[in-house]
Amino acid sequence: MAKLVFIRHGQSEWNLSNQFTGWVDVDLSEEGVRQAQNAGALLKKEGIEFDQAYTSVLTRAIKTLHYALEGAGQLWIPEMKTWRLNERHYGALQGLNKKETAEKYGDEQVHIWRRSYDTLPPLLDASDEGSAAQDRRYADLDPRAIPGGENLKVTLERVIPFWEDEIAPKLLDGKNVIIAAHGNSLRALTKYIENISDADIMDVEMATGEPVVYDLDDKLNVVSKKKLG
């Protein structure tokens, strides 16, 4: 039976300032560092020995993984970074204050943008200076793969190929896997492996810095799930 652990990155500087973040490469706050370190201590106490780590190409997730693995005494394990585990792209909302955006467009509209499964946010043009198309970490991607904005449905569609091609084979081989990523990329994976409906996934929350531990059977069905801390 393989173990799979999800960790949403610790609090970021823009979580703290209540801004839409998405693909913007924001660092951890001081509290976020403490949360990531605490996650490592919890994993060490749990005694899980990992074989493979995955994370996004965004600093807040990478640092969370490293702090957690260091705390667990397993910083040495193989690690792979991929844009497919990036946070959902919030389009033209990125950088905006959530409270101010709600005052402008209404709480209901902002809630739909944040939590709806298939409603897109206002899109960001590829020529905008804030577009990921201008970021060299995505230089090798087909420009058509770089989003101007995503909902959870689109996020799921880009996460699942990586799950099927890379993560699932490791788990099927009996390897223990840790994934440090983002609220929405992890919600997408949660929806997939737990077979959660489009409506019910809206109410699923991922707490910052909290490890979620799954036991999976030989068909990758969830046998048990628990949150640490």
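# Close-up views of a predicted model

View 1. I112 is found in helix 5, which spans residues 107–115. The model is a predicted one. I112 has a relative accessible area of 28%, so this residue is partly exposed. Along the chain, I112 and N195 are 83 residues apart. Their C-alpha atoms are separated by 21 Å. Helix 4 covers residues 98–105, and its axis comes within 6 Å of the axis of helix 5. The two axes cross at roughly 125 degrees. That angle makes helix 4 oblique to helix 5. Helix 4 contributes K98, T101, A102 and Y105 to the meeting of the two helices. Helix 5 contributes D107, Q109, V110, W113 and R114.

**View 2. Aromatic pairs across the structure.** The whole structure holds six aromatic pairs. One of them joins Y54 and F162: the ring centres lie 5.5 Å apart and the planes make 85 degrees, so the geometry is edge-to-face. Y54 belongs to strand 2 (residues 52–55) and F162 to helix 6 (residues 152–172), so the pair ties together parts that are 108 residues apart in sequence. Y54 and F162 are both buried. Y105 and W113 form another edge-to-face pair, at 5.2 Å centre to centre with 70 degrees between the planes. Y105 has 43% relative accessibility and therefore counts as partly exposed. W113, at 9%, counts as buried. Elsewhere, ring pairs link W23, W83 and Y138 into a cluster.

**View 3. Lysines over aromatic faces.** K98 lies over the face of F20. The distance from the ring centre of F20 is 5.6 Å. K191 lies over the face of Y117, at 4.8 Å from the ring centre.

View 4. Strand 2 runs parallel to strand 4, with four bridges joining them. In this pairing, Q52 stands opposite V177 of strand 4. Strands 5 and 6 pair in the antiparallel sense over five bridges. Here V213 has K226 of strand 6 as its bridge partner.

**View 5. Strand 1 between two partners.** Strand 1 spans residues 2–8, and six of its seven residues are buried, so the strand is largely enclosed by the rest of the structure. Six bridges join strand 1 to strand 5 (residues 211–216), and these two strands run antiparallel. I7 stands opposite P211 in strand 5. Strand 1 and strand 4 (residues 177–181) run parallel and are joined by five bridges. L4 has V177 as its bridge partner in strand 4. For V5, the strand 4 partner is I178.

**View 6. Both faces of strand 4.** Five of the five residues of strand 4 are buried, so this strand is largely enclosed by the rest of the structure. V177, I179 and A181 point one way from strand 4. I178 and A180 point the other way, and they too are buried.

**View 7. S12 in its loop.** S12 is found in the loop between strand 1 and helix 1 (13–16). S12 has 0% relative accessibility and so counts as buried. Which residues are in contact with S12, leaving aside its neighbours within four places in sequence? They are T21, V26, D27, L28, S29 and R60.

Definitions and conventions
Residues are numbered from 1 along each chain as its sequence is written. This is a predicted model: local features need pLDDT of at least 70, side-chain atom pairs count only at pLDDT 80 or more; totals for chains, interfaces and linings use all residues. Side-chain values use heavy atoms; hydrogens and water are left out. Buried means under 20% relative accessible area, exposed over 50%, partly exposed in between (1.4 Å probe, protein chains only). Two strands pair if DSSP finds at least two bridges between them. Rings of Phe, Tyr and Trp (its six-membered ring) pair if their centres lie within 6.5 Å; planes under 30 degrees apart count as stacked, over 60 as edge-to-face and the rest as tilted. A charge sits over a ring if NZ of Lys or CZ of Arg is within 6 Å of the ring centre and within 35 degrees of the ring normal. Axes are lines fitted to C-alpha atoms, for helices over the stretch in contact, and angles run from 0 to 180 degrees between N-to-C directions. Angles under 35 degrees count as roughly parallel, over 145 as roughly antiparallel, 65 to 115 as roughly perpendicular and the rest as oblique. Contact means heavy atoms within 4.5 Å.
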